[in-house]
Amino acid sequence: MKLATIELGGRPLPALFLDDGRICDLQAFAQAAPRATLPFPWPETGRLTMIDLAAGGAATWAWCRDIAAVADAHPVSPGSYRLLAPIPRPPKNIFCLGRNYREHIQEDNASRNLDTDVPEHPQFFTKPWTAIVPHEGAIRYDQRVTRRLDYEVELAVVIGQGGRDIAEADAPDHIFGYTILNDISARDLQKRHDQWFKGKAIDGSCPFGPWIVSPEAVGDPHALRISLKVNGEQRQDASTGAMIFSIPRSIASLSSGLTLEPGDVIATGTPSGVGYAMNPRQWLKDGDMIECEIEKIGKLVNRVEEVIN
């Protein structure tokens, strides 16, 4: 059971993807249900979004399980829709962790002849929502902007119940679900501006999706195989158990003095195997197909498309 945002009839709406292949229109189910039975506040616009579903937290997933029993009431026909990013416009920029896998730090040090230590605290940066592209969307490659485009597969967390100063022990209660994110990075911009944001914020640099999976379905998020291929060649292959800072620790650190809201997204860092650390360095180019895969979630697939002017 997965939650996705689809475009159907020219408008976005949340949909439930069942394991047997059926797809349910959750907007239609919500409209037909008594308002008091919904696990989330009915939006003033009357148009349900994934952020609304996230606000319901675990109760939303229970509602979806009930819907699964009567899924044929409001079906979505295969081929009639287009997948969008699960949350096309999160409440804030997407939060990201840098340097959260020890071997990635080691390969970075080796590639740049550095000797930096493992961080003592999570290191955060953000990607704007304008960088988001969906599953099978194009990764924009403009050589006037960058000549050194790279990839980073990451497990992403979607916040359900919001809050500030969330205790590490309470953090799992604030997680709505998990998805996949590819932190596409312009390494030359990172070097030029001597910080992470600019090189990770360009349009088309945040493939995200294809759907959200519940915490119950994922189980231990620190025991998942995480991998990435470029044109079928394995580049990254690791376990999320190799994270330096656990997901609860990162949520507690991020929310200290900062309010997290339903639908906020946190990308949890990438393992080793990135292109800039290879010898010779391997930059993305026009036509490259990138497959990000995380166990129990699925695959996020995108192609690099060069901008021609």
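Six bridges join strand β17 (residues 289–294) to strand β18, and the two run antiparallel; strands here are DSSP runs of E with at least two residues, numbered from the N terminus, as helices are runs of H or I with at least four residues, and two strands pair if DSSP finds at least two bridges between them. The model is predicted, so that local features need pLDDT of at least 70 and side-chain atom pairs count only at pLDDT 80 or more, while totals for chains, interfaces and linings use all residues. Residues are numbered from 1 along each chain as its sequence is written, and side-chain values use heavy atoms, with hydrogens and water left out.

Within this pair, I290 stands opposite N302 in β18, and the hairpin of β17 and β18, with 3 residues between the strands, has K296 at a positive phi near 75°. Both strands belong to an open sheet of 5 strands with mixed pairing, in the order β8-β18-β17-β14-β15. Its edge strands are β8 and β15 (233–239), each of which pairs on one side only. Neighbouring strands of the sheet are turned by 20° against each other on average, direction ignored, where the axes are lines fitted to C-alpha atoms and angles run from 0 to 180 degrees between N-to-C directions.

| Strands | Bridges | Direction | Bridge partners |
|---|---|---|---|
| β14 (residues 225–230) and β15 | 6 bridges | antiparallel | K229 and Q234 |

The largest nonpolar core holds 49 residues, of which I251, I266 and I297 touch the most other members; such a core is a set of buried Ala, Val, Leu, Ile, Met, Phe, Trp, Tyr and Cys residues joined through side-chain atoms within 4.5 Å, and buried means under 20% relative accessible area with a 1.4 Å probe, protein chains only. Strand β10 (residues 153–159) gives the largest share of this core, 4 residues. Apart from this core lies another of 35 residues, including L16, C64, L181 and I212. Leaving aside residues up to four places away in sequence, I266 touches F95, L97, L155, A156, V157, I159, I251, L254 and L260, contact meaning heavy atoms within 4.5 Å.

The chain as a whole has 7 helices and 18 strands, and buried residues make up 53% of its 309 residues. Among contacts between residues at least 6 apart in sequence, 75% join residues at least 24 apart.

Technical notes
Buried < 20%, exposed > 50% of the residue type's maximum accessible area, 1.4 Å probe, protein only.
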